[in-house]
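Trainee: I have a model open and want to learn how to read it. Where should I start?

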Amino acid sequence: QVQLEESGGGLVQAGDSLRLSCAQSGRTFSTLRMGWFRQAPGKEREFVSAIYWSTGRTLYVDSVKGRFTISRDNAKNMVYLQMNSLKPEDTAVYYCASARAGTTGWDYWGQGTQVTVSS
């Protein structure tokens with residue numbers, strides 16, 4: 001099993017920055033990729049960004065390209081999401097997720113951290 005714990009959420013104003021962190025623990029040796037999703041009130045959970053553990057290849061949803069940066073620290077089993085130029089529409093609960101090698105979906109999820117951007 002793998003456990004994920006997010007931190008770093010909060011209340012900020014439009015244009016501000018936040019950095020989310022996700023700590024992965026447990027049986028992490030088979031991690032293929034880690035990512036961030038978000039869910040705004042009344043909306044479905046959506047993909048935000050992902051990073052492949054071995055190569056560092058990154059993926060982003062179009063709405064955050066140029067503003068958000070995902071990174072990883074393999075030695076610490078951490079993944080980060082640097083969020084700049086935040087907008088009110090970025091307000092959501094942000095979830096960290098992890099995928100094992102050999103799977104196509106996401107296998108493990110964190111509890112989420114709230115990000116609120118005021119206008």
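This is a predicted model: local features need pLDDT of at least 70, side-chain atom pairs count only at pLDDT 80 or more; totals for chains, interfaces and linings use all residues.

Trainee: Which strands does β3 pair with, and how do they run?

Mentor: Look for bridges between strands. Strand β1 (residues 2-7) is joined to β3 (residues 18-26) by six bridges, and the two run antiparallel. On the other pairing, six bridges link β3 to β8 (residues 78-83), again antiparallel.

Trainee: Which residues stand opposite each other there?

Mentor: Take one pair from each. E5 faces A23 of β3. C22 has V79 of β8 opposite.

Trainee: How many residues make up the largest nonpolar core, and which have the most contacts inside it?

Mentor: A core is read from buried nonpolar residues whose side chains touch. Here the largest one has 25 residues. W36, F68, V79, L81, M83 and Y94 have the most contacts within it. Elements giving two or more residues to this core include β1, β3, β8, β4 (31-39) and β9 (92-100).

Trainee: What is V79 in contact with, beyond its sequence neighbours?

Mentor: Set aside residues within four places in sequence. V79 then contacts L20, S21 and C22, along with M34, W36, I51, I70, S71, R72 and C96.

Trainee: Where does N77 lie, and is N77 buried or exposed?

Mentor: N77 sits in the loop between β7 and β8. The cut-off for buried is under 20% relative accessible area. N77 has 18% relative accessibility, so N77 counts as buried.

Trainee: Which residues is N77 in contact with, leaving aside those within four places?

Mentor: C22, A23, Q24, T28 and W53.

How values were computed
Residues are numbered from 1 along each chain as its sequence is written. Side-chain values use heavy atoms; hydrogens and water are left out. Two strands pair if DSSP finds at least two bridges between them. Helices (H or I, at least four residues) and strands (E, at least two) are DSSP runs, numbered from the N terminus. A nonpolar core is a set of buried Ala, Val, Leu, Ile, Met, Phe, Trp, Tyr and Cys residues joined through side-chain atoms within 4.5 Å. Buried means under 20% relative accessible area, exposed over 50%, partly exposed in between (1.4 Å probe, protein chains only). Contact means heavy atoms within 4.5 Å.
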